[in-house]
Amino acid sequence: MTSPLVPISPASPARPVGQSLLQIVPSTSCLQCDVCCRFPEKDSFLRPFFTGDEIRAAVAAGLAPELFPSTEGAQINLVPNPAGEGYACPAFDSGTSHCRIYEVRPLDCRLYPFALMWDAERTHVLLGWDTKCPYMREAPSSLVDQAVDAVAQWIEADERVDTLVRYPRLIGRFQDDVIPLRTLARVTERVQQGKARITRHPLRIQDRGRIEAAVALAAGFQETPLAAASFAYHYIWRHRLTYTWADLEGHLCLFAESPDGIFLALPPLGEGPIDQPTAEAFRVMRDWNGDSPVSRMDNVPEACVPALRALGYEVREKEPDYLYAAADLVDLAGEAYRSPRAACNRFMREHGGVLEPYDARDQTACVSLFREWREQKLRSGSDEWANALLDDAVGAHETALSAHTELGLTGAVVRVGGRIRAYTMGLWLNQSVFCVLLEVADRDMVGAGAFVFREFCRQALAKGACWINTMDDSGLPSLAKAKHWYHPARLLPNYVVTECRR
Ligand code: SF4
């Protein structure tokens, strides 16, 4: 979960002493290390989690209460690293490499370099050691073997198990770089019991049919669905969010886990009223997140709103999806479309490009075009939020390009002089709505973006599309401007639903 600093030097491997756990790593190693307590991202999922009691103790020891998003258990807010790049725990003293609240540091830190996490199937809690700790990478295996029994015994003591049941977020998601050492049967059993036997299954590519069947039955996603009502929309972001699904009250609930906790990525999917599954899903989120504001239901279509408001939920609008008449985007007729039409004409005049189907062999060239395009966008001075989105988008594009067939995506490329200068991918939301999921074009080649978009829409129109959904604008003014350039026929409202906080 996190990386603590350890300014004590144990004479022997970790062993329980009353309430505390002596550390396996000698302080000399810790003081030379530049890993612990520092994090590359502000919202790193590895930042330490404090229980309610630990927050109170940390505040009494001098940390500002505002560093904790919730008083009843939360990951601490990181601060810019005063001695280098990235971010640091605010309790970390970069001058001395000491923890300012060492005596009351949270369980998450006391345990390190051991870590608690779920197995890949999310069925068992594991105790492992974190390979990010340089000392542990060199430590003799006999030392680790000797220590692990003591650590497992310490963590399976009643007091710690009760804490884990109350704060299941102390158990991290599966990480490849944490080496599993033990399955913690007692912790697993108690935490699973505490969750009323709700099993959340990891989302796999094979679940596409399951999700699509449930979406097809859900009210509100029928005529002109939101782009989020598709499997690929979520799956391509799995490098940033851990997706799981559960069957709650006969509905499929798709959860996403961010560094701050879990939320519902879509309303409960399936046939019939969603009041019961919604209540159950919020209960699951409360169990997991405590009273963190991360608990929410995203991508709720307009049709679900009256019933949810009547049930007392808070509903607020987020960025809408842009919906266009497919024929308008292909004809580009009249004064309103003069600019995109001129851009397409110029591209054809100067480069004479042709749209071709995407082939798996185009993947490397497309990824390299993405990187070129990203550099072009960065040079054009996008804001910090836009840059962060671009960084995140690399993984999404790679997943879409490599697994386009399994994800049900249609792709196309435009070549100029034998080189791919634009690519795009999309999917059918239903028989008449096609969604353009991603699009990249050489920004130094005027009209390449307009051309690939028009020709891709032409292809969709020929296959029966009446409407084209281009998703939302992520709150970016430049993206909103580009989307309005094409005169959307409608903006599809999209809502976020939370429980009322009284
Ligand atoms: S609380 Fe202390 S040990 Fe834990 S991350 Fe912060 S500085 Fe490091």
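In what order do the 3 strands of the open sheet stand? The order is β3-β7-β6, and the pairing is antiparallel. The model is predicted: local features need pLDDT of at least 70, side-chain atom pairs count only at pLDDT 80 or more, and totals for chains, interfaces and linings use all residues. Residues are numbered from 1 along each chain as its sequence is written, and side-chain values use heavy atoms, with hydrogens and water left out.

**Strands and sheets**

- Strands (E, at least two residues) and helices (H or I, at least four) are DSSP runs numbered from the N terminus, and two strands pair if DSSP finds at least two bridges between them.
- β3 pairs with strand β7 (residues 87-88) in the antiparallel sense over 2 bridges, and F39 stands opposite Y87 in β7.
- Strand β18 (residues 314-325) pairs with strand β24 (residues 490-498) in the antiparallel sense over 8 bridges; the bridge partner of K318 in β24 is N494.
- β18 also pairs with β23, in the antiparallel sense over 3 bridges, and here L323 stands opposite N469.

- The expected span of a helix is 1.5 Å times one less than its number of residues.
- Helix α10 (residues 275-289) has 15 residues and reaches 21 Å from its first C-alpha to its last, close to the expected 21 Å.
- Helix α14 (residues 363-379) has 17 residues, which should span 24 Å at 1.5 Å a residue; its end C-alpha atoms are 24 Å apart, in agreement.
- The buried residues of α10 are P277, T278, E280, A281, F282, V284, M285, W288 and N289.
- In α14 the buried residues are C366, V367, L369, F370, W373, R374 and Q376.
- An α-helix has 3.6 residues a turn, so residues three or four places apart point the same way.
- A glycine with positive phi follows each helix: G290, near 65°, after α10, and G381, near 85°, after α14.

**The second largest pocket**

- A pocket is an open set of points on a 1 Å grid over the protein atoms alone, where a 1.4 Å probe fits, with protein on both sides within 12 Å along at least five of seven lines; lining residues have an atom within 4 Å of a point.
- The second largest pocket has a volume of about 630 Å³, a volume being the space filled by probe spheres set on the points, which are joined across faces, edges and corners.
- Of the 25 residues that line this pocket, the closest to its centre are A120, F174, P202, R238 and T242.
- Strand β14 (residues 242-248) gives the most to the lining, with 3 residues.
- The lining divides into 10 nonpolar, 5 polar and 10 charged residues; Ala, Val, Leu, Ile, Met, Phe, Trp, Tyr, Cys and Pro count as nonpolar, Asp, Glu, Lys and Arg as charged, and the others, Gly among them, as polar.
- Domain 1 (16-194) and domain 2 (201-312) both give residues to the lining, so the pocket lies between them; the domain bounds come from an automatic or database domain assignment.

**Backbone geometry**

- Most residues other than glycine have a negative phi, and most peptide bonds are trans.
- A cis peptide bond with omega of about 10° joins Y112 and P113, and P113 lies in the loop between α3 (107-111) and β10 (114-118).
- L332, which is not a glycine, has a positive phi of about 45°; L332 is placed in the loop between α12 (326-331) and α13 (338-351) and counts as buried at 1% relative accessibility.
- S474 also has a positive phi, near 50°, in a residue other than glycine; S474 lies in the loop between β23 (467-469) and α17 (477-484) and is partly exposed, with a relative accessible area of 27%.

**Two loop prolines**

- P82 lies in the loop between β6 and β7 and counts as exposed at 62% relative accessibility.
- P82 and A450 are 368 residues apart in sequence and 45 Å apart in space, C-alpha to C-alpha.
- P259, in the loop between β15 (251-258) and β16 (261-264), is buried, with a relative accessible area of 16%.
- P259 and Q75 are 184 residues apart along the chain, and their C-alpha atoms are separated by 8.8 Å.

Definitions and conventions. Buried means under 20% relative accessible area, exposed over 50%, partly exposed in between (1.4 Å probe, protein chains only).
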